[in-house]
Amino acid sequence: MSQGLAGVQKAARENKEMKFTALLHHLTMELLRESFYALKRKAAPGVDGVTWQEYEPGLEDRLVDRHGRLHRGAFRATPSRRVYIEKEDGRQRPLGVAALEDKIVQQAVVTILNQIYEEDFLGFSYGFRPGRSQHDALDALSYALRKKKVNYVLDADIRGFFDNLDKNWLVKFVEHRVADPRILRLIQKWLTAGVMEEGEWSETKTGTPQGSVISPMLANIYLHYVFDLWVDVWRKKNAQGDVVVVRYADDTILGFQYQAEADRFLENFRERLGKFGLELHPDKTRRIEFGRFAEQNRERRGEGKPETFDFLGFTHISGKNGIGRFTVRRKTIRTRMRTKLRQIKQQLRERMHDPLPQTGKWLKSVVQGYFNYYAVPGNLDSLGVFREQVLGCWWRTLRRRSQKRRPTWASILALAAHWLPQPRVLHPYPHARFAASHPR
């Protein structure tokens, strides 16, 4: 961090009401250069069609030109390129891919804004923040469900959050801390740049393009004022029992000690979102009984096992450990696994005639990457199923290569032993990592 940005951070920490009137001068050549090298090398290009590798030659001259235009006020935002990715339920999620030069400037602006908002954001907000990951949010949730008096869980889903957030409210929220008109104009230019789809430009009256570099920061600012500050006051003033909150971007899980308070909060939450042009998804938002007494209470009422909920790729299950005590078990969401296997199957078909070592090396990286995220304690059975399914896809693909020399199952097992990693736990237990990162 530069000395100037360290000063911004110090001022933001010491004065929570300060409005920063001069920030653009922190957008230096050095910061632009660092922002370029912070971008993903293999990211898809925007409407300009320029990739990271194509932009790097002559980088200094390009950055000098970009730096000059920014400080002269001559910067023009480029529309985002609309692409779609398939969701677990088969629907298409729209993403906006920014042009490379916009990505560089957005990354630099995010670096500046982080110095302010990291002093403001609350502890239960984990999404897209420096030094915080999805596993930090998962650890905090599991720890809270075990240690706090939680009997009910509210799984809250905001319908189309990135597409429906109100731009006018967003700018007002940013103005609580940022009063530099040049930074505000940059943000407004990105919000009004629109999207290009099949050569046609269209205006986006609401929302911020999901997939752009600056969207997660803007989303966190929006939810900080709409949700975080409000829920923090709500649980202090209105709740008699324990209330826990974990938010990762627009995915939020809340735990309550009392059912009446969970239901009252849900009603108040709907009203709160309505004031800012948002609403809860009626089919995906639900309150369930979950916790150390859920199993026996439901068994007494003849209702079967406790319901589960999904969060950040894992199905959370109210269960017991080896000595009969309550614990939170986590399994890979089945639809996530099926989606990943479907992608692998399609890519194996495209690689059907590649040399075996080349395909084996690629599969090794894919499986290891999958394990790096999902290899949490208690999830090894699911990882084993995933590895077996990948192996089956590879075998069936190899058998289609030739009608004369089809590989046997024994030969494919030998390939698997050489190339496919074995499932093993790669993450500590939630309470161990949470206690290490949050010493009391």
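A: The model is predicted. His316 is part of strand β10, which covers residues 314–320. Its relative accessible area is 0%, and because buried means under 20%, His316 counts as buried.

Leaving aside neighbours within four places in sequence, the contacts of His316 include Leu138, Leu141 and Phe290. Within strand β10, a polar atom of the His316 side chain lies 3.2 Å from the backbone oxygen of Phe314. Ala375 is 59 residues away from His316 along the chain, and the C-alpha atoms of these two residues are 15 Å apart.

As for the whole protein, it has 17 helices and 11 strands. Its radius of gyration is 24 Å, close to the 22 Å that the globule rule gives for 440 residues, so the protein is as compact as a globular protein of that length. Along the principal axes, the C-alpha atoms fill a box of roughly 65 × 65 × 40 Å. Of the 440 residues, 48% count as buried, and His316 is one of the buried residues. Among contacts between residues at least 6 apart in sequence, 71% join residues at least 24 apart. The protein exposes about 22400 Å², with 49% of this area supplied by carbon and sulfur atoms. The protein has 75 positive and 51 negative charges, whose mean positions are 6 Å apart.

Methods: Residues are numbered from 1 along each chain as its sequence is written. This is a predicted model: local features need pLDDT of at least 70, side-chain atom pairs count only at pLDDT 80 or more; totals for chains, interfaces and linings use all residues. Side-chain values use heavy atoms; hydrogens and water are left out. Helices (H or I, at least four residues) and strands (E, at least two) are DSSP runs, numbered from the N terminus. Buried means under 20% relative accessible area, exposed over 50%, partly exposed in between (1.4 Å probe, protein chains only). Contact means heavy atoms within 4.5 Å. A polar contact is a pair of N or O atoms within 3.5 Å; within protein, one must be able to donate a hydrogen and the other to accept it, and residues adjacent in sequence count only if both atoms are side-chain atoms. The radius of gyration is taken over C-alpha atoms; the globule rule is 2.2 Å times the number of residues to the power 0.38. Accessible areas come from the Shrake-Rupley method with a 1.4 Å probe; for residues, only the protein chains shown count as cover. Lys and Arg count as positive and Asp and Glu as negative; His and the chain ends are not counted. The place of a charge is taken as NZ of Lys, CZ of Arg, CG of Asp or CD of Glu.
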